[in-house]
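Hello,

Here is the structure we talked about, with some notes on what turned up in it. Have a look at it first, then read on.

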Amino acid sequence: MSPEHYFTAEPASDGELRRRTVQLAGRELAVETAGGVFSPDHLDAGTEVLLRHVPGPPRTGDLLDLGCGWGPVALSLALAAPAARVWAVDVNERALDLTRRNAAAHGLGGVRAVRPEDVPDDVRFAAIWSNPPIRVGKETLHAMLRQWLRRLVPGGEAYLVVAKNLGSDSLLRWLGEELGGEADVDRVATSRGFRVLRVVAAG
């Protein structure tokens with residue numbers, strides 16, 4: 001499937017919606033998904049690995065799910081930190097619509113599902129969790145990570161899950177070179193062919 005597929009979908013009609021039950025933040029949740037977004041039929045393995053290995057998020061502040069899809073990471077953040085403001089960012093309008101639906105269905109009023117340009121420039125993040133869209137290509141991916149990782153507050157932590165066969169180790173090296181003295185970068189977990197990478201902004 002070409003990466004452009006995820007960049008063009010409009011909100012789903014009722015007939016296109018798929019209802020699934022997933023386990024997030026220790027709870028069983030009914031969610032809606034649809035074709036035209038990432039992993040519409042289940043919680044994908046990379047996101048499962050990420051959610052299993054990240055520590056609990058800060059209880060307050062601004063938290064970011066970068067590349068939210070139908071919302072599993074954003075919902076997990078909001079369930080774990082109900083007093084925080086969770087930004088669920090995606091370029092896919094259908095993904096944003098589904099994330100809004102799923103957050104509203106579970107009373108998660110702190111979730112804001114928006115396009116990247118709709119996050120105010122002055123917002124800084126206490127945490128970033130992401131299963132980033134590796135298949136968009138290295139140049140686009142690097143530009144995305146440069147933009148968002150530099151918006152961590154001092155001491156803020158980002159966790160990224162990347163498949164080993166899709167370049168997790170080379171991405172780890174690039175992050176270390178790119179961020180230099182701005183952040184500490186390391187690998188904190190390996191599971192099911194995925195690496196979980198951590199970026200801690202200098203404090």
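**Cavity and helix packing**

The count comes to one cavity of 30 Å³ or more, where a cavity is a set of points on a 1 Å grid over the protein atoms alone at which a 1.4 Å probe fits but cannot get out. This is a predicted model: local features need pLDDT of at least 70, side-chain atom pairs count only at pLDDT 80 or more, and totals for chains, interfaces and linings use all residues. Residues are numbered from 1 along each chain as its sequence is written, and side-chain values use heavy atoms, leaving out hydrogens and water.

The largest cavity holds about 100 Å³ of space, the volume being that filled by probe spheres set on the points, which are joined across faces, edges and corners. Its lining (residues with an atom within 4 Å of a point) includes Phe38, Asp44, Trp70 and Asn131.

Thr47, Pro72 and Val73 are also among the lining residues, and they turn up again between two helices (DSSP runs of H or I, at least four residues, numbered from the N terminus). Thr47, Leu50 and Leu51 in α1 meet Pro72, Val73 and Ser76 in α2, contact meaning heavy atoms within 4.5 Å. The axes of α1 (residues 45-53) and α2 (residues 72-80) come within 11 Å and cross at roughly 20°; axes are lines fitted to C-alpha atoms over the stretch in contact, with angles from 0 to 180 degrees between N-to-C directions. These two helices are therefore roughly parallel (angles under 35 degrees).

Further along, α4 (residues 138-149) and α5 (residues 168-179) pack at about 50°, with axes 12 Å apart.

Best wishes

Definitions and conventions: 1 Å grid on protein atoms, 1.4 Å probe; cavity = no way out; pocket = protein on both sides within 12 Å on 5 of 7 lines; lining within 4 Å. Parallel < 35°, antiparallel > 145°, perpendicular 65-115°, else oblique.
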